[in-house]
Amino acid sequence: MNLHAVKAIYMFEMARTFRTLYQSILAPVISTSLYFVVFGAAIGSRITAVEGVSYGAFIVPGLVMLSLLTQSISNASFGIYFPKFTGTIYEILSAPISYVEILLGYVGAAATKSIILGVIILATATLFVPLEVAHPLIMITFLVLTSVTFSLFGFIIGIWADGFEKLQIIPLLVVMPLTFLGGSFYSVNMLPPFWQTVTLFNPVVYLVSGFRWSFYELADVSLWVSFGMTSVFLAGCLVTVWWIFRTGYQLKA
């Protein structure tokens with residue numbers, strides 16, 4: 001394992017975050033704070049509680065997941081796409097480093113950024129609502145697992161995309177709607193039976209449900225089902241990345 005190569009890629013990607021601090025950290029935190037103001041204060045004043053939890057506190061896990069998913073994909077996809085766009089990807093591919101080390105550098109940096117952002121948003125949430133975490137270890141596990149999984153997904157998108165427009169297609173047209181419809185701002189149990197069944201086909205439901213359980217022991221699906229579905233998606237991303245490096249898809253043109 002060439003740890004120097006992994007560290008070089010990792011530190012370069014992390015340095016880019018601090019060069020664009022407003023875009024990488026401040027902007028998502030401000031956006032999430034606006035969600036707290038609009039949903040937590042305006043709507044929350046009309047919805048007193050959901051399953052015994054105040055509405056403002058109930059939406060915290062969903063808001064964290066919303067930021068975590070979008071930022072993990074964005075950081076990882078742009079991180080690998082930009083070297084493709086400038087042509088420096090060929091220098092990386094020709095260097096004496098393996099595909100595993102390249103993946104660790106880029107995905108590790110993207111996941112680290114997302115975890116830092118998630119922690120900051122959780123800290124910000126305490127300014128708006130009283131927040132308690134019933135199971136901190138499970139919360140941290142879901143935070144890390146989700147960040148790594150969707151950073152891998154973003155890495156795949158960055159390799160697949162052949163233009164800046166394509167970097168935004170899946171996050172905006174697929175991930176964002178699935179997150180809003182995945183129980184981020186409501187309980188799936190509030191839906192009619194037919195739509196409850198339909199919602200279970202949304203993979204984001206399992207992420208939000210498991211993450212929310214770590215806070216309030218409230219879940220729309222079993223905790224172990226949430227872990228299982230997340231692990232299946234992680235495995236799918238790993239297999240896809242293996243195939244990409246094995247075939248050179250969009251890398252060896």
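## Glu217 and its loop

At 47% relative accessibility, Glu217 counts as partly exposed, where buried means under 20% relative accessible area, exposed over 50% and partly exposed in between, computed with a 1.4 Å probe on protein chains only. Glu217 is located in the loop between α10 and α11 (223–247); helices are DSSP runs (H or I, at least four residues), and they are numbered from the N terminus, as are strands (E, at least two residues). The phi angle of Glu217 is near 55 degrees, a positive value in a residue other than glycine. Most residues other than glycine have a negative phi.

## Basis of the description

The structure is a predicted model, in which local features need pLDDT of at least 70 and side-chain atom pairs count only at pLDDT 80 or more, while totals for chains, interfaces and linings use all residues. Residues are numbered from 1 along each chain as its sequence is written, and side-chain values use heavy atoms, with hydrogens and water left out.

Two packed helices are described by the angle between their axes and the distance between the axes. Here axes are lines fitted to C-alpha atoms, for helices over the stretch in contact, and angles run from 0 to 180 degrees between N-to-C directions. The axes of helix α4 (residues 60–86) and helix α10 (residues 203–216) come within 9 Å and cross at roughly 135 degrees. α4 and α10 are therefore oblique to each other; angles under 35 degrees count as roughly parallel, over 145 as roughly antiparallel, 65 to 115 as roughly perpendicular and the rest as oblique. Their crossing is right-handed, a crossing being left-handed if the near helix is turned anticlockwise from the far one by less than a right angle, and right-handed if clockwise. On the α4 side the contact (heavy atoms within 4.5 Å) is made by Val60, Pro61, Gly62, Val64, Met65 and Leu69, and on the α10 side by Val204, Leu207, Val208, Phe211, Arg212, Phe215 and Tyr216. By class, the contact of α4 with α10 has 11 nonpolar, one polar and one charged residues; Ala, Val, Leu, Ile, Met, Phe, Trp, Tyr, Cys and Pro count as nonpolar, Asp, Glu, Lys and Arg as charged, and the others, Gly among them, as polar.

The axes of α7 and α10 come within 8 Å, with a crossing angle of roughly 155 degrees. These two helices, α7 and α10, are therefore roughly antiparallel, and their crossing is left-handed. From α7, the contact involves Ile138, Met139, Phe142, Leu143, Thr146 and Phe150; from α10, Tyr206, Leu207, Gly210, Phe211, Trp213, Ser214 and Phe215 take part. The residues of this contact of α7 with α10 divide into 10 nonpolar, three polar and no charged.

## Packing of α7 against α11

The axes of α7 and α11 come within 10 Å and cross at roughly 30 degrees. α7 and α11 are therefore roughly parallel to each other, and the crossing is left-handed. Among the α7 residues that make the contact are Phe142, Phe153 and Phe155, and the α11 residues include Phe227, Val241 and Phe245. By class, the contact of α7 with α11 has 19 nonpolar, five polar and no charged residues.

## The nonpolar core

The largest nonpolar core has 61 residues, of which Val60, Phe153, Phe155 and Phe211 touch the most other members. Such a core is a set of buried Ala, Val, Leu, Ile, Met, Phe, Trp, Tyr and Cys residues joined through side-chain atoms within 4.5 Å. Helix α7 (residues 136–160) supplies the largest share of this core, 12 residues. Leaving aside its neighbours within four places in sequence, Phe155 is in contact with Ala76, Ser77, Ile80, Leu103, Tyr106, Val107, Val241 and Phe245.

Met14 is found in helix α1 (residues 3–19) and is buried, with a relative accessible area of 9%. Beyond its neighbours within four places in sequence, Met14 is in contact with Ala109, Thr112, Lys113 and Ile116. The C-alpha atoms of Met14 and Thr112 are separated by 8.4 Å, although these residues are 98 residues apart along the chain. Lys113 belongs to helix α6 (residues 99–125) and is buried, at 4% relative accessible area. Not counting residues up to four places away in sequence, Lys113 touches Glu13, Met14, Arg16, Thr17 and Asn75.

Ile121 also lies in helix α6 and is buried, with a relative accessible area of 2%. Its contacts, leaving aside neighbours within four places in sequence, are with Val29, Thr32, Val64 and Ser67.
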